[in-house]
Amino acid sequence: MALRRIRSADALLLQEIFTDAIESQASGLYTPHQIRAWISLAWLPGVLDRVFREGDGWISGDGAAFAMRQPPDRLALLYCRGRASRQGHGTALVKRIECDARAEGLLHIHAEASLLSRPLLERCGWRYLRLETFTVAGVPFAHHRMERQLHN
């Protein structure tokens, strides 16, 4: 699977992948109201800008998926277009993120996983810690706090 580092010029592409992933895969797990609120994060000024600017990550394929760490011990974003789901992009990205963290001497990495990403992270050896609730634009959500121990 071809991976390349995310560049600052990729911000629009990341927003498009983020939006496509949610629109194409979240129904059935999230309500239409939750989906609208979640997608709005990609387009509201300042919401994801800091992660895109300060994060470190990778794009898979020709813009099929991406993953970013921010800060270095946190998998902050992991999104895959619907047309590319279940083709190994997510697994390749998670493994690359883990390798980067390990190379930096980190002993563990954590994430707040969506209902979509929890199964993938578990297949990659991540451990479920707890369910957490939060709101986006006043809309309630839940995510799974997860971690991965990194062994050198």
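## The loop holding P71

P71 sits in the loop between β3 and β4; helices (H or I, at least four residues) and strands (E, at least two) are DSSP runs, numbered from the N terminus. The peptide bond from Q70 to P71 is cis, and its omega is near -5°.

Here is how to read the values in this report. This is a predicted model, in which local features need pLDDT of at least 70 and side-chain atom pairs count only at pLDDT 80 or more, while totals for chains, interfaces and linings use all residues. Residues are numbered from 1 along each chain as its sequence is written, and side-chain values use heavy atoms, with hydrogens and water left out.

Let's look at β3 itself. Five of its five residues are buried, where buried means under 20% relative accessible area, exposed over 50%, and partly exposed in between (1.4 Å probe, protein chains only). In a regular strand the side chains alternate between the two faces of the sheet. In β3, A65, A67 and R69 point one way, while F66 and M68 point the other way.

Which strands pair with β3? One is β2, in the antiparallel sense over five bridges; β4 also pairs with β3 in the antiparallel sense, over five bridges. Two strands count as paired if DSSP finds at least two bridges between them. The hairpin of β2 and β3 has four residues between the strands, and G61 in the turn has a positive phi of about 60°. Another hairpin joins β3 to β4 through four residues.

## Helix α1

Helix α1 covers residues 11–25 and has 15 residues.

Which residues of α1 are buried? They are L13, L14, Q15, I17, F18, T19, A21 and I22. These buried residues pack against β1 (3–5), α2 (32–43), α3 (49–54), β2 (56–60), β3 (65–69) and β4 (74–80).

I35 lies in helix α2 and is buried, with a relative accessible area of 14%. Leaving aside neighbours within four places in sequence, I35 is in contact (heavy atoms within 4.5 Å) with I22, A26, S27 and Y30. The C-alpha atoms of I35 and A113 are separated by 15 Å, and the two residues are 78 residues apart along the chain.

Now move to helix α4, where E98 is found. Is E98 buried or exposed? At 2% relative accessibility, E98 counts as buried. Leaving aside neighbours within four places in sequence, E98 is in contact with C124, W126, R148 and L150.

## Strand β7

Eight of the eleven residues of β7 are buried, so this strand is largely enclosed by the rest of the structure. β7 pairs with β5 in the antiparallel sense over six bridges, and A113 stands opposite H144 in β7. Nine bridges join β6 to β7, which run antiparallel, and T135 stands opposite P140 in β7.

## Two residues with positive phi

The hairpin of β6 and β7 has two residues between the strands. In the loop there, A137 has a positive phi of about 50° although it is not a glycine. A137 is exposed, with a relative accessible area of 70%.

R86 is found in the loop between β4 and α4. R86 has a positive phi of about 60°, although it is not a glycine either, and at 82% relative accessibility R86 counts as exposed.

## The largest pocket

Rolling a probe the size of a water molecule over the atoms shows where empty space is left. On a 1 Å grid over the protein atoms alone, a cavity is a set of points where a 1.4 Å probe fits but cannot get out, whereas a pocket is an open set with protein on both sides within 12 Å along at least five of seven lines; lining residues have an atom within 4 Å of a point. About 1,000 Å³ of space lies in the largest pocket (grid points are joined across faces, edges and corners, and a volume is the space filled by probe spheres set on the points).

The largest pocket is lined by 40 residues, with L78, Y79, S114, L116 and S117 nearest its centre. Among the elements giving two or more residues to this lining are α1, α2, β4 and α4 (89–103). The largest share, seven residues, comes from β4.

Terms used: The expected span of a helix is 1.5 Å times one less than its number of residues.
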